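Thanks for coming. I will show one structure and then go through what can be read from its atoms.

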Amino acid sequence: MSAVNESTGTENTAAPAAMNLAPNGKPKIIGFVCEWSLGRNDDIHEDGTVKGMDHIKTLKIPCSGFVKTEWVTVAFENGAQGVFVLGCPLGDCHFNEGNFIINERLEQHVGRLTNRKILDDKGRVAELYLGATENGEFFGQLEDFTKYIAELPPLVVQAKKPRAVTPKKEA
Amino acid sequence: MAGYTADQAPTSRSGPFDRLADGIHRGIVSVDKAINKVIPEEFNPFYYLGGITNVLWVLLVPTGIFLWFYYKPTTSEAFASVDYLTNGVFFGNIIRAIHRYAGDGMIIMAVLHMVRNLFTDRYRGFRDVPWVSGVFLLLLTGVVGLTGYLLVWDQRALVVTDAIVKVLLSLDLIIGGLGTFFARALLAGDSPNNLTLARMFFLHVGPAVLIFFFLWVHYLRLHRPKIWPPAFVTLLTIGAVLLVAGLLPVEKSLPATQPMMADQANIFYDVFYLWPVLLLQTASPAVVLGVLALIFGALFVLPWLPQKAHRYVNVAAVIPENCTGCQLCAIDCPFDAIVMVAGANPDPKRNELAVVNDDKCAECGICVGACPFHAINLPLMDEYAVRDKVVALLQ
Ligand code: SF4
Ligand code: SF4
C-alpha cells in the first residue's frame, strides 16, 4: 500500500504534501500525553500544541494506558507521520501499571501495522517515559523523533474501507 | 469533545501544600533519575520501597520466632535469657542483630514509602484505603519496635518504661484517671513487676500479628500488588541487613536489676523507634503525647483534608450491549475494579458482563485501552470523542 503511494508522488493526490506536513514544514505528529508524567508545566499549551513545535499536537489523557491502539491507526490514516505516547517513567506509573501495559500493547499493535505494510517503519510510533523534572529530555526526544520521521518517505495510509461505525450506545 | 473541565481535572492542584508537594515530587524524580543512570530502572529500589519494607518484615518474623524460643518474659530472667541467646547460642548474636536492624530498616523504608506516596500524590482519592491501612501499619510497627526494646529489660528498658508511663499519665490531664488506668494496665501494677514483661511480650507479638491483617487490607485494592521487589532488590536488602548485622553487633547494656548507670547519657537510644523518649528529655510528657497524637491524627485524615475531590467524576462505564464478556478489561485493570458477573450479560449467548466497582475505580482508563469491543468508556473522555479529536488535530 505504501509502495503505491510512494510511486504516485504528490501529483496524483496533491493532498499528501499538504496533508503530511504542518504549516511549519515539519511532519505532523500526534502525541498522547499522560497528565501525571511531565508534571504541571507550561510547555504544552491548552490547545495541545507543544511550545515551539507547531507540528506536534497533543492530547491530554489520564494515563498512557488509556490509549486505544485503534487511535494510533486513525492518526496515521488521517495524515499523521508519527505518533508518540508519553507516560511516567517505567516502574513509576501513577496508576501502577499503565505504562507497562501501553508498552506491550503498542509493541504488538505496531508490529501488526508493519507486518501488514500499513506502516513502513516501527520508529514512527515512539514511547516516551518521563517524570516531573524531565522537560529538557522531553524536547530533546521530540526533536530527535521529528528528525527521524522527516527522513522517512512521506507516509500515506488510506483507510481500508470506511470504518464501520459501531452503533454507539450511551452508557 | 467531552473533556475534563477545569474543576474536574484530576491535576488541578494549587495552594501552598500542593506547591510544596510539587517541589518535593521533583526532588524525588531527580533522585530516581540519578539512580536510573547507575542501575537499570526495573531494579531501582526507590520504585519498590513498599516491597522492601515487606522483605524486612519477612526477615523479622522467623528471627523473632528464633529469639522467642530462648526468651523468658519475667523481669528476673529476661535479661539473662537475652544474654544467653546472644552469647551462648550459635549465631544467636547475628540473629538478634538481624532482628534489630531489620526492624530499623522496616520503619525507615515504611516512612520513605509513605513520604514518596504522599508527595507524588498517591495517597488520596481511590487510594484512601491503602493510605489509612498504611498509617495503621506504621503505628503498629512503632508499637512493636518500642515494646521490642523493653523486652531486653536492661537499663534502657527501664528508662523507656518510665517514659511510656509518664506520657500515659499525662492523659490524666484530658480525662482524669484514664492515663493511670492505661499505665497500670501496661505495668500490671503500679511499678514494673514480674508480670510486666508478659504484657510487653504480648504487646510485641500481638500487634505484629495484626500487621498481617493490615497488610491484607493494604493490598486489597490492587490487582497485582508489588509485594516482592525484583530478586536483585530483595537480595540487596537482605545483604544489607546481614552486612550491618555482621559488622555492628547489638550494643552491650547493663541489666535493669543492677543499680542505674551513673551516666545515663551513655545509654544508646535508637532514634527511629525511641525518638519520643529522646524528645521527652527536653519536653514535657504532655507535649510528647500531643506531638504523637498530632502526627498520627494528621496522617489518618490526610486523604480527606479539604482538597478538590477527584473521585466518582469519571468512573469507567460499561455499555452492556457491546460487552462480550471477554475479561480483557478485568485482567488489565490495575486496581481490581472490574468484576465479571456471570449471567448478567443482556445477550444470553454471552454469559459474563463486566461491572465496574465505583469505589475501586481510579478513573485511569486502562480498561478503555483494553476493550476491543467499544464496550467500556470514561464518560468524560468518550473514546469516539477522543478519536474525533485526533482527526480534528490533524486537519
Ligand atoms: S478506569 Fe478502568 S482500568 Fe482504571 S481503575 Fe477504573 S475500571 Fe480499572
Ligand atoms: S474488555 Fe470490553 S468486551 Fe471484554 S469484558 Fe471488558 S467491557 Fe466487556
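First, conventions. This is a predicted model, in which local features need pLDDT of at least 70, side-chain atom pairs count only at pLDDT 80 or more, and totals for chains, interfaces and linings use all residues. Residues are numbered from 1 along each chain as its sequence is written, chains are lettered from A and ligands numbered from 1 in the order in which they are written, and side-chain values use heavy atoms, with hydrogens and water left out.

Chain A. There are five helices and five strands in chain A; helices (H or I, at least four residues) and strands (E, at least two) are DSSP runs, numbered from the N terminus. From the N terminus, the order in chain A is α-α-β-β-β-α-β-α-β-α. Of the 171 residues in chain A, 56% are buried, where buried means under 20% relative accessible area, exposed over 50%, and partly exposed in between, with a 1.4 Å probe and protein chains only. A contact is a pair of heavy atoms within 4.5 Å. Taking contacts in chain A between residues at least 6 apart in sequence, 75% join residues at least 24 apart.

How many residues of helix 3 of chain A are buried? Nine of nine, over residues 69–77. Among them are Trp71(A) and Phe76(A), but also Glu70(A) and Glu77(A). Just after this helix, Gly79(A) has a positive phi of about 100 degrees.

Now the interface. Chain B puts 53 residues in contact with 48 residues of chain A. The buried area between the two chains is about 4600 Å², with 57% from carbon and sulfur atoms; buried area is the accessible area (1.4 Å probe) that two parts lose on being put together, summed over both. On the chain B side, Arg387(B), Leu393(B) and Leu394(B) lose the most area to chain A, together 15% of what that side buries. Seven salt bridges cross this interface, a salt bridge being a side-chain nitrogen of Lys or Arg within 4 Å of a carboxyl oxygen of Asp or Glu. Lys33(B) and Glu137(A) form a salt bridge, at 3.4 Å from N to O.

Within chain B, domain 1 covers 48–304 and domain 2 covers 317–394; these bounds come from an automatic or database domain assignment. Their C-alpha centres are 45 Å apart. Seven residues of domain 1 are in contact with 11 of domain 2, and the area buried between the two domains is about 740 Å², 52% of it from carbon and sulfur atoms. Phe126(B), Arg221(B) and His223(B) supply 69% of the area that domain 1 buries against domain 2, more than any other three residues. The count of salt bridges between these domains is zero.

Next, ligand 1. The residues around ligand 1, those with a heavy atom within 4 Å of it, include Cys333(B), Cys361(B), Cys364(B) and Cys367(B). By class, that shell has 10 nonpolar, one polar and one charged residues. Here Ala, Val, Leu, Ile, Met, Phe, Trp, Tyr, Cys and Pro count as nonpolar, Asp, Glu, Lys and Arg as charged, and the others, Gly among them, as polar. Around ligand 2 the residues include Cys323(B), Cys326(B), Cys329(B) and Cys371(B), and the shell has nine nonpolar, three polar and no charged residues.

Last, Ala208(B), in helix 8 (residues 196–219) of chain B. Buried or exposed? Ala208(B) is buried, at a relative accessible area of 15%. Beyond its neighbours within four places in sequence, Ala208(B) contacts Trp57(B) and Val144(B).
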